Structures are given as C-alpha cells and as structure tokens.
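I opened a new notebook page for this structure. Below are my entries, in the order I looked things up.

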Amino acid sequence: MLQLILPADVQTALTRALRHAGVRECGGLLLGEHVGIDQFAVRMVTVQRPGTVASFVRSLSGVAASIKRFCAKQGNDFRRFNYLGEWHSHPSFSVQPSSTDHGSMLDIVTNRQVQANFVVLLILKLNTSGQLEGSTHTYLPDGRFGHSTLVFESCR
C-alpha cells in the first residue's frame, strides 16, 4: 500500500523507548512527512508510559496538542506534514497486528472526527541482537487494510 521510512534518529528514539519499557508494551503517535508517491518518512514519534506485558492502550491525553505542535513546527503544511498513525511494541510476541490492533486502527480511520485518508500501524520489537524489527500496515476509511513496506534508513 505505502512505504514507511524510519530515519536513523527516529530509530534511535524508538530503540531507547523499547529498551526503557523492557518486556512491557509501549507506543505512541507517528508524525511524518509525505516524501514521494505513497512514501512517508516518520519525522517524530511520541512515547507514552509503558503498558503491560501483553497490552498497550494509547491515552488520548495530549494527542491533539502533540499533533498541533508538530504541524506548527512544520509551518502548518498539512499536505506534507501530518499525523500518520500509531506505533506500539510487541516485545514478547510477533510484530504482526492482533485482531484488537486491526479493530483499533479501523476505529481511528473510520472516525469522522479524525478525517484521515489513511492511518498507519507500526509494530516493533527488539530482536536478540537488540536491533529493531517490525511490520507496518495501512488502514483505509472504507475498511480495507494491508501490509505496507517498512524501510529502516541507514545512518549516513
């Protein structure tokens, strides 16, 4: 469906969050930039307090403020910079979305107040070498969803 690019600085922030959370799930928002046809680069992530070993529920507190701050910092160029979706970790399980994950993302993308053309779900974990591994899926307002391509941008 689309390509989601994780720049090195974002990978560092996510790795730090996953290490801090340990075996507990953690997550937050994906805020990014439209960089090409069906290509989006994550420019900022928010990190919430970790959940439990088997679940993470993103708090609504501060969500709108985080998105507004990010967009204002980018000159309110909403066509280029905007909310992309959600991320969370599965430290002890597969990085594939659960049925609960799919349902939560469909709730977001079909919510008329959100007015999203799509939303992305990024699920991550640290492998045995301490490196990020993950999957990304894209959800559309008509209820369709599918696997997307996750690109770990290398350090320069």
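Does glycine 27 count as buried or exposed? I looked up glycine 27 and found 0% relative accessibility, so it counts as buried. Buried means under 20% relative accessible area, exposed over 50% and partly exposed in between, with a 1.4 Å probe and protein chains only.

A note on the source: this is a predicted model, where local features need pLDDT of at least 70, side-chain atom pairs count only at pLDDT 80 or more, and totals for chains, interfaces and linings use all residues. Residues are numbered from 1 along each chain as its sequence is written, and side-chain values use heavy atoms, with hydrogens and water left out.

**Entry: strand S2**

I placed glycine 27 in strand S2. Helices (H or I, at least four residues) and strands (E, at least two) are DSSP runs, numbered from the N terminus. I then checked what lies across from glycine 27 in space. Glycine 27 and leucine 124 are 9.2 Å apart, C-alpha to C-alpha, yet 97 residues apart in sequence.

Next I took S2 as a whole, residues 27–36. Seven of its ten residues are buried, so S2 is largely enclosed by the rest of the structure.

Which strands does S2 pair with? I found strand S4 (residues 81–89), antiparallel to S2 over seven bridges. I also found strand S3 (residues 39–45), antiparallel to S2 and joined to it by six bridges. Two strands pair if DSSP finds at least two bridges between them.

I noted some facing residues. On the S4 side, glycine 28 stands opposite tryptophan 87, and leucine 29 stands opposite glutamate 86. On the S3 side, leucine 31 stands opposite methionine 44.

S2 and S3 form a hairpin with two residues between them. Aspartate 38 in that turn has a positive phi of about 55°.

**Entry: the barrel**

Seven strands make a closed barrel in the order S1-S3-S2-S4-S5-S6-S7, with mixed pairing. Neighbouring strands of this sheet are turned by 35° against each other on average, direction ignored. Axes here are lines fitted to C-alpha atoms, for helices over the stretch in contact, and angles run from 0 to 180 degrees between N-to-C directions.

**Entry: helix H1**

Which residues of H1 are buried? I listed Val10, Gln11, Leu14, Thr15, Ala17, Leu18 and Ala21. Seen down the axis of H1, the buried residues fall within an arc of 160°, so they line one face of the helix. The arc is that of the directions from the helix axis to the C-beta atoms. These buried residues pack against S1, S3, S4, S5, S6 and S7.

I turned to the face of H1 away from its buried side. That face carries the exposed residues Asp9, Arg16, Arg19 and His20. Glycine 22 follows H1, and its phi is positive, near 65°.

**Entry: aromatic pairs**

I searched for paired rings. Rings of Phe, Tyr and Trp (its six-membered ring) pair if their centres lie within 6.5 Å; planes under 30 degrees apart count as stacked, over 60 as edge-to-face and the rest as tilted. The count comes to three aromatic pairs.

For phenylalanine 40 and phenylalanine 118, the ring centres are 5.0 Å apart and the planes are at 50°, so the pair is tilted. Phenylalanine 40 is in strand S3 and phenylalanine 118 in the loop between H3 and S5, 78 residues apart. Both phenylalanine 40 and phenylalanine 118 are buried.

For phenylalanine 70 and phenylalanine 81, the centres are 6.3 Å apart and the planes are at 70°, so this pair is edge-to-face. Phenylalanine 70 is in helix H2 (residues 63–73) and phenylalanine 81 in strand S4. I found phenylalanine 70 buried, at a relative accessible area of 2%. Phenylalanine 81 counts as buried at 7% relative accessibility.

**Entry: histidine 102**

My last stop was histidine 102, in helix H3. At 17% relative accessibility, histidine 102 counts as buried. Leaving aside neighbours within four places in sequence, histidine 102 is in contact (heavy atoms within 4.5 Å) with Pro97, Tyr139 and Phe145.
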